[in-house]
Amino acid sequence: MKYAIETFDLTKRYGDFLAVDALDLKVKNKSIFGFLGPNGAGKTTTIKMLTCLIQPTSGTASVSGYDIIKSPDEVRQKIGMVPQLVSLYGDLTARENAELCADYYGMPRDLKEQRIDELMELVDIKYAENKLIRQMSGGQRQKVSVVASLVHQPDILFLDEPTIGLDPTTKTVLWELIDELNQKGHTIILCSHDMYEVDMLCDHIGIINLGKLAAFDTPQSLKDTVLAEEKCQESNIGEIVREMEESDATAHPSFGKLKTVVNESEKDRAREMSLMMSYSDTKLLERLYQIPCVLEIETHRSGRLTFKLANTENAVTQVISAIMETGGNITSISTKDPSLEDVFSKVTAKKVKKEEKAGE
Ligand SMILES: Nc1ncnc2c1ncn2[C@@H]1O[C@H](COP(=O)(O)OP(=O)(O)OP(=O)(O)O)[C@@H](O)[C@H]1O
Ligand SMILES: [Mg+2]
């Protein structure tokens, strides 16, 4: 089986409102798929259809090889779900909730108890196993929800914003757990608004907007292609030159100007680097500007230099080597790659604009 999930014109209407609009999505087996989109985009609705909690209005999907409309019971056996709003029994304890889930899947008693112990220790909630859910904090309930969803070792795990409300340490534990489960062969569907989480964990990302799939690719390809597309549509070299002619550039204008014209289009995808140096002089800056991968340098009053570098593998090394060769002394350094957040705002903003135009 190549795809853990495949949707075919999957559609959900609430009255006149189209929440999910003919979605065609493929999620590779044994991958981690990140499902992104603004509030109300249709992520949870899609997940509810894929987990057989609600029926599509039209279209269908195959989940772990089974059709969600024809074989919902088989689908339910293959999946686990950590819902956006934790759905546990408030009057039962953490352990009783996990046991109930295991019983639903018909797990043998020994295996059930062992698995619950392991999972509770893993997410650090064993200490509260006998506490009633209604007496627990939001983060504690989230942990119990994770335990309950994993107890039967599902092929596909759906996580709808699982790390919201978790403290930083528990968040890291959950990330490690997601990675570990994936390495053991589980497919993970992760809905999240945390771009760092998605970027770090996911093999592929789908961005849904207004019920439609607006972008789909690997995190890196999205950064490369979406930000590059934007550049083609929006950068206007004529305007840049005019702005520069009108601007009152002072400190190191001759080099800065040239780099700006030639490379404005690359800046959307640029890697940012910030350096603190014990000293820097014009000669060093001239030298740095001559490095082809340096797109822009800004000097700051504090002595900090910030760079925009072409997104090539050895750009950072080239700059540092040049500084070392001239006897420069770097006291601190940080770098920032183009982010998924940039991709997200561009993909979703673009779509809204189109919709607005269509409605005019
Ligand atoms: N039961 C319902 N009845 C009517 N409309 C609904 C229902 N459930 C969801 N919707 C609407 O469908 C749209 C998609 O909702 P959904 O919960 O799928 O969004 P989401 O992408 O998960 O958003 P969020 O990031 O806020 O969780 C929203 O406009 C929502 O108001
Ligand atoms: Mg949601």
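Analyst: Let's start with a term: two strands pair if DSSP finds at least two bridges between them. Strands (E, at least two residues) and helices (H or I, at least four) are DSSP runs, numbered from the N terminus. Residues are numbered from 1 along each chain as its sequence is written, while chains are lettered from A and ligands numbered from 1 in the order in which they are written. This is a predicted model, where local features need pLDDT of at least 70, side-chain atom pairs count only at pLDDT 80 or more, and totals for chains, interfaces and linings use all residues.

User: Thanks! In which sense do E1 and E2 pair, and over how many bridges?

Analyst: E1 and E2 pair in the antiparallel sense, over 4 bridges. One example is Tyr14, whose bridge partner in E2 is Phe17. The two strands form a hairpin with 2 residues between them, and Gly15 in the turn has a positive phi of about 65°.

User: Which sense joins E1 to E5?

Analyst: Strand E1 runs antiparallel to E5 (residues 58-63), with 5 bridges joining them; there, Thr11 has Ser58 as its bridge partner. Strand E1 (residues 3-14) also pairs with E3 (residues 26-28), again antiparallel, over 3 bridges.

User: Which residues surround ligand 1?

Analyst: A residue is near a molecule if its C-beta atom, placed from the backbone, lies within 6 Å of it. Around ligand 1 we find Tyr14, Phe17, Ala19, Gly37, Asn39, Gly40, Ala41, Gly42, Lys43, Thr44, Thr45 and Gln84. Strand E2 (17-23) and helix H1 (43-50) are the elements giving two or more residues to this shell, and H1 has the largest share, 3 residues.

User: Is H1 buried or exposed?

Analyst: A residue is buried if 20 or more other C-beta atoms, placed from the backbone, lie within 10 Å of its own, exposed if 12 or fewer, and partly exposed in between. In H1, 8 of the 8 residues are buried, so the helix is largely enclosed by the rest of the structure. Among them are Lys43, Ile47 and Leu50. Just after H1, Cys52 takes a positive phi of about 65°.

User: How many residues has the largest nonpolar core?

Analyst: Such a core is a set of buried Ala, Val, Leu, Ile, Met, Phe, Trp, Tyr and Cys residues joined through C-beta atoms within 7 Å. The largest one has 67 residues, and those with the most contacts inside it include Phe158 and Ile189. Helix H5 (residues 138-150) gives the most to this core, with 5 residues. A second, separate core of 14 residues includes Met273 and Leu305.
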